Amino acid sequence: MPGMNVQTGKRLDGIDHIRQSVDDIITTPIGSRVMRRDYGSLVPELLDMPMNDALLMQVYAATIIAVTRWEPRIQITGARRTVDTQQHGAVVIELQGRTADGQAMNVGVPLA
């Protein structure tokens, strides 16, 4: 399914479009879309909380639930986090998965 790059306005296909879609899903607060009030994830609500293992587990869950619900073109097979030791509170959630046509892909979404 072709789409449009949100930064350039140019055509976007395949894995690049899925990556952009996953990023949009994770960073959109639930209730913020007028015609789709249930679109998005709970991740934006979790960002201002103190970072600990329990919070990161909630972020994993919110991410996987939202992507599974709103992006049918990817099947998630794993997730991991990368915490930046130079910048406090900077985390990247990386999802591993497969596209509907069987291609392996990784999607990293920075959360700060």
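The protein has three helices and five strands, where helices (H or I, at least four residues) and strands (E, at least two) are DSSP runs numbered from the N terminus. Along the sequence, these elements follow the pattern β-β-α-α-α-β-β-β. The model is predicted: local features need pLDDT of at least 70, side-chain atom pairs count only at pLDDT 80 or more, and totals for chains, interfaces and linings use all residues. Residues are numbered from 1 along each chain as its sequence is written, and side-chain values use heavy atoms, with hydrogens and water left out.

**Overall dimensions and burial**

- The C-alpha trace spans about 40 × 35 × 25 Å along its principal axes.
- Buried residues make up 34% of the 112 residues; buried means under 20% relative accessible area, exposed over 50%, and partly exposed in between (1.4 Å probe, protein chains only).
- Among contacts (heavy atoms within 4.5 Å) between residues at least 6 apart in sequence, 34% join residues at least 24 apart.

**Nonpolar core**

- The largest nonpolar core has 19 residues, of which V22, I26, V59, I93 and L111 touch the most other members; such a core is a set of buried Ala, Val, Leu, Ile, Met, Phe, Trp, Tyr and Cys residues joined through side-chain atoms within 4.5 Å.
- At least two residues of this core come from each of α1 (14-27), α2 (43-46), α3 (53-70), β4 (91-99) and β5 (104-111).
- Helix α3 supplies the largest share, six residues.
- Not counting residues up to four places away in sequence, I26 touches S41, V43, P44, T63, V67, L95, V109 and L111.

**A buried glutamate**

- E71 lies in the loop between α3 and β3 (74-83) and counts as buried because its relative accessibility is 3%.
- Its side chain makes a polar contact with the side chain of S21 (2.6 Å); a polar contact is a pair of N or O atoms within 3.5 Å, and within protein one must be able to donate a hydrogen and the other to accept it, while residues adjacent in sequence count only if both atoms are side-chain atoms.
- Beyond residues up to four places away in sequence, E71 touches I18, S21, V22 and I25.

**Aromatic pairing**

- A search of the whole structure finds one aromatic pair.
- The rings of Y39 and W70 have centres 5.2 Å apart and planes at 65°, so the pair is edge-to-face; rings of Phe, Tyr and Trp (its six-membered ring) pair if their centres lie within 6.5 Å, with planes under 30 degrees apart counted as stacked, over 60 as edge-to-face and the rest as tilted.
- This pair links distant parts of the chain, with Y39 in the loop between α1 and α2 and W70 in helix α3, 31 residues apart.
- Y39 counts as buried, at 6% relative accessibility.
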